[in-house]
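Keep the structure open beside you as you read.

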Amino acid sequence: MPQPLASLSVRRTIGSLSVAAALLCVAGAAAKADEAVDVIIRGGTIYDGGEGKPFVGDVAIRGDQIVYVGKSGRYSAGKIIDAKGMIVAPGFIDPHTHADSFIRSPDKAVRVNAAWLNQGATTVMIGVDGSGTPDVAEDSGKLAASGISTNIVPFVGFGPVRQRVLGQDARAPSPAELDRMKALVAKGMCEGAVGLSTGLFYAPQSFSTTGEVVAVAREAARRGGIYDTHQRDESSYSIGLLGSVKEAIDIGREAGMPVHFAHLKALGVDVHGQAGAVIAAIDAARKAGVDVTADQYPWLASGSSLDASLLPRWAVDGGGPALLKRLDDPTMLERIRGEMQENLRRRGGATALLLIAQGFPWTGKTLAEVAAEWKLDSRDAALRIIRQSVEAKDQGPRGGGTAVASFNMAQADVDLLMKQPWMVTSSDGSDGHPRMFATFPEKYVRYVRERKVIDLATFIRQSTGRTADIYKLDRRGYLRRGYFADVLVFDPDEYAPRADYVRPRELSVGVRKLFVNGALAVDDGRATGVVAGRALLRPRPAGCAAPLPG
């Protein structure tokens, strides 16, 4: 029997309403799903890594990403962190570290890298000072597979590249050898390195000419890399501080790539007060179109080794065995001692060199104190330590038994450099120096809170967003929707260093929470043991399609 038209109309209307209601239910469920997150950090003072003003608000995390940053949000979470009175910021990025004793340790508890985590650092650069292997993919893969708690960003290093081809020799490469070096740099870049790192102060890198460095740097430039350098001279050892600044800028200009000065400083009595001239040179280069930046640590003592600080470079041509032969030659020995005297003067004398290698009879003493105990001239005391380290095959640019903290910087220079708009924070953290455990809180306490050289916003920007911008890190360094959840919550009243030159391995305090890729790596000041760090390799750049030569 046919249905009345009115009845059909009603049924169609009801059916339409049912569909609409169903759609609304689905939309509502989707909205609720969108609002469900893993963690909400609520009510903290947010510094997002940029140049905007801080504000009180929330940060929401789902998985490994930030899904909300704002003054309020309609989100539900299984974990809500009350951050009232706390500072909420991106995890700190350390662009210059020597974290190998942590991230390469066979002990999982050490690989957690608490030294950096307890400062609030979530990302560290490795392979600096020209030390990075060209085997970037293999090395990064091993590190990631072993489990690390901080992200790592690798450089390909000029040192291993040169040593593979030329060994420790002080000579120029042949055209064929230079091609091999260039191929190794290209390999490292194609495997994900962020750029080329050099340490032209250290042998055998110091044996290179500017032209040689330009030639290999171009391979990194062609693949979008940055030129990151421990410049040839931070003092008056060879071409002088200002000559060295010019050389680094010229390398970047000729290679066609950004230039970044590692741990920029005026080192030693001969160049104290030259920070202003360094700044003028960098500003002029930037104005002329060269992208120049720098990092700096907030300590008046650098970290190096007795051999790098005191020995003339010609004395280490050929490596340790060749050095020992020269030390056994009375004529050569006197020549070495003569040049050591001048280098000792540059460094401020034997009282300015604190021996910081751990586990030695001289640990924690100045070179002057050790020389007095041994009843030796300071140079001869240094040579005894260097000889012992070479014979034990325990030496290097920062190290082994010869490691020193060298008190060689002027406070006025450090302050002036810190204020520059192209400056960021680094630790240069190496074993035996407190900067490994305490750089970021040291800068906060001494330069923000106590001496007011910079403000809190500048401190955070120099430790996060600006650094990420320099190295073009993908979705790092900022608290933004869609960025990776590297998030720091610290107590502005409690955040402080505990390490010093006498006790360099004390963990810093004041970090309440630290997330690395959304995982809680520090909880109420203690590392959780979670290993959520990643190797942040750059995507395969242009110029890598063809098989690599060599």
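**Helices, a loop and salt bridges**

Let's begin with helix α16, whose buried residues pack against α10 (275-287), β13 (292-296), β17 (423-425), α17 (435-450) and α18 (456-463). This is a predicted model, in which local features need pLDDT of at least 70 and side-chain atom pairs count only at pLDDT 80 or more, while totals for chains, interfaces and linings use all residues. Residues are numbered from 1 along each chain as its sequence is written, and side-chain values use heavy atoms, with hydrogens and water left out.

- Helix α16 covers residues 411-418, and its buried residues are D413, V414, D415, L417 and M418. Here "buried" means under 20% relative accessible area, "exposed" over 50%, and "partly exposed" in between (1.4 Å probe, protein chains only).
- Helices (H or I, at least four residues) and strands (E, at least two) are DSSP runs, numbered from the N terminus.
- Helix α8 (residues 210-221) has twelve residues and reaches 16 Å from its first C-alpha to its last, close to the 16 Å expected at 1.5 Å a residue. That expected span is 1.5 Å times one less than the number of residues.
- Nine of the twelve residues of α8 are buried, so this helix is largely enclosed by the rest of the structure.
- Those buried residues of α8 are E212, V213, V214, A215, V216, A217, E219, A220 and A221.
- The cover over the buried residues of α8 includes α6 (158-166), α7 (175-190), β10 (195-199), β11 (226-230) and α9 (241-255).

**A glycine in a loop**

- G167 sits in the loop between α6 and α7, and is partly exposed at a relative accessible area of 26%.
- Setting aside neighbours within four places in sequence, G167 is in contact (heavy atoms within 4.5 Å) with R162 and P204.
- G167 and D317 are 150 residues apart along the chain, and 9.9 Å separates their C-alpha atoms.

**Salt bridges**

- A salt bridge here is a side-chain nitrogen of Lys or Arg within 4 Å of a carboxyl oxygen of Asp or Glu. By this rule the count comes to 41 salt bridges.
- One of them joins the side chains of E51 and R461 (3.5 Å, N to O). This pair links distant parts of the chain, with E51 in the loop between β1 (36-46) and β2 (55-62) and R461 in helix α18, 410 residues apart.
- E51 is exposed, with a relative accessible area of 69%, whereas R461 counts as buried at 12%.
- R164 and D135 also meet through their side chains in a salt bridge (2.6 Å, N to O). R164 lies in helix α6 and D135 in the loop between β7 (121-126) and α5 (136-146), so the pair ties together parts that are 29 residues apart in sequence.
- R164 is partly exposed at 40% relative accessible area, while D135 counts as buried at 19%.

- The side chains of R337 and E334 form a salt bridge (3.4 Å, N to O). Both residues lie in helix α13 (residues 330-346), three residues apart, about one turn of the helix.
- An α-helix has 3.6 residues a turn, so residues three or four places apart point the same way.
- R337 is buried, with a relative accessible area of 12%, and E334 is partly exposed at 46%.
- Salt bridges that share partners join E334, R337, D377, R379 and D380 into one network.
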